[in-house]
Amino acid sequence: MTSHHAVEILLTRPAAPGELRQARCGVCLAASADRTRLMAVCSARSPGGALHALRRRLGARLPIDVLTTHYPDRHGQVLLNVALDHAAEGALRQAAAVLGQRPQELLLRRVTASRARDEQERARRLEVRLESLLADHQPEEVLACVAGLLHSRRHHPARTAP
């Protein structure tokens, strides 16, 4: 039995309009304003099958970096489909063998650690910016300003550059 799976497609560079037209033949795609992220719905027996099918259909038409399932599965996991070049795949296999792990497990650990570091760095940068604001403004002023910005964005979404 096949189901429909939402897939996010991250590109290595913005897709050219001609590339998008060609890719849309046979696959319904929605592109972000900067054309570096696409969304598709794919029929397949499993989320992994949907990722594999889209990689097969679109891999030669678009500069695909990563495919991900858009919604977590019943275990809370989002699947990734990453195409590594031969050198990177060999290095990953070798490192995994040294650690006694499967390459998929090592890649998962590395991606998870990288995301955690990125989130910590973003939180640190936000704290630094807030500390700077609080040096010149009262906490109530900063809070009121943020509330106003969030309220205006909800009613008037910020435009992104084409």
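Residues are numbered from 1 along each chain as its sequence is written, and side-chain values use heavy atoms, with hydrogens and water left out. As it is a predicted model, local features need pLDDT of at least 70 and side-chain atom pairs count only at pLDDT 80 or more, while totals for chains, interfaces and linings use all residues.

Let's start with strand S3, residues 37–44; strands are DSSP runs of E, at least two residues, and helices are runs of H or I, at least four, each numbered from the N terminus. Leu38, Ala40, Cys42 and Ala44 point to one face of S3 and are buried, meaning under 20% relative accessible area with a 1.4 Å probe, protein chains only.

Strand S1 (residues 3–11) runs antiparallel to S3, joined by eight bridges, and Ala6 has Val41 as its bridge partner. S2 (residues 29–31) is also antiparallel to S3, with three bridges. In the S2 and S3 hairpin, Arg35 takes a positive phi near 60°.

Now, which residues does Leu20 touch, leaving aside neighbours within four places in sequence? They are Ala15, Ala31, Arg35 and Leu38, with contact meaning heavy atoms within 4.5 Å. Leu20, in helix H1, is buried at a relative accessible area of 5%.

Finally, H3 (residues 86–99) packs against H4 (residues 103–136) at about 95°, axes 8 Å apart. The two are therefore roughly perpendicular, a label for angles of 65 to 115 degrees.

Key:
Axes are lines fitted to C-alpha atoms, for helices over the stretch in contact, and angles run from 0 to 180 degrees between N-to-C directions. Angles under 35 degrees count as roughly parallel, over 145 as roughly antiparallel, 65 to 115 as roughly perpendicular and the rest as oblique. Buried means under 20% relative accessible area, exposed over 50%, partly exposed in between (1.4 Å probe, protein chains only). Two strands pair if DSSP finds at least two bridges between them.
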